[in-house]
Amino acid sequence: MYKTLSSSVNWAQGLPESGTTTLVCGDIEADGSVLVPHFVQSGLQEGSPVVLVSLTQTMSHYMHIMRKMGVNLTKQQEFQFVNALTPAGLDCSELPAATRPHYTVTEWTQFFGWLNQLPACTLIIDGLCSLLDQGYECDYVLRIADTCQRIVGDKASGDGRARLVITMFLDDFTEPLVRSLIRRSHYFFSFEGLSSGSSTEVAGRLTVVPGHLHCRIQTKASGKFKPVLLHYKISDTSVEFFSPGQSRMVL
């Protein structure tokens with residue numbers, strides 16, 4: 001999936017290396033969460049568990065999107081949905097089995113214990129910045145990210161057992177948190193709208209740059225990671241990435 005994007009960042013299987021953290025940011029004009037289905041599908045195709053922690057959407061939202069892409073999440077035994085959106089104390093057991101979360105976060109320490117019991121996985125946290133809207137301090141949110149990083153391991157130390165993907169909404173309110181997370185990341189994806197506005201052929205642009213930790217996993221064989229600039233457009237079933245000026249309708 002997203003072969004142009006994957007080849008541009010040298011991800012052979014469409015996924016970053018184990019023991020790495022990828023930060024994906026978007027804004028009001030360009031939603032970075034469009035990459036969540038890519039990471040879910042690529043992780044499942046790899047054959048490893050995928051844990052999706054959502055602070056923004058319900059299970060049915062992701063089921064609907066993945067179904068359009070030909071993936072039935074209810075039949076994916078390796079997929080685990082973690083509800084971090086529903087207020088603590090609300091009983092989710094009455095939900096239909098297909099849309100019922102595998103785990104509901106009522107206390108993050110307990111969630112980390114549950115996560116530690118799982119095998120190596122692709123861990124996706126969609127909308128981590130929503131914790132700021134709930135009144136949590138930036139330092140608290142960073143401690144959650146740091147703990148997740150310790151659980152997935154560190155490629156540079158040779159103990160990478162999983163990979164972490166975090167999506168964020170970037171604005172003036174979340175910028176301090178985003179800056180701190182960039183310093184904790186190996187890859188940074190930034191979605192932005194075009195100054196000329198979006199169209200049916202170009203929705204926006206994506207810039208991929210190495211995070212501050214990338215130098216720790218860089219080798220002579222891999223070479224220096226060069227920043228990537230791509231345009232993209234969104235259809236009903238996928239997102240198409242291409243070099244600027246190479247869309248069929250872009251001159």
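This report looks at the largest pocket of a predicted model and at one residue, Thr167.

## Ground rules

Since this is a predicted model, local features need pLDDT of at least 70 and side-chain atom pairs count only at pLDDT 80 or more, while totals for chains, interfaces and linings use all residues. Residues are numbered from 1 along each chain as its sequence is written, and side-chain values use heavy atoms, with hydrogens and water left out.

## The largest pocket

A pocket here is an open set of points on a 1 Å grid over the protein atoms alone, where a 1.4 Å probe fits, with protein on both sides within 12 Å along at least five of seven lines. The largest one has a volume of about 610 Å³, the volume being the space filled by probe spheres set on the points.

Its lining (residues with an atom within 4 Å of a point) has 36 residues, and Asp31, Gly32, Ser33, Val34 and His61 lie nearest the centre. Helix α3 gives the most, with 5 residues; α2, α5 and β6 each supply at least two. Helices are DSSP runs of H or I with at least four residues, and strands are runs of E with at least two.

## A look at Thr167

Thr167 sits in strand β6.
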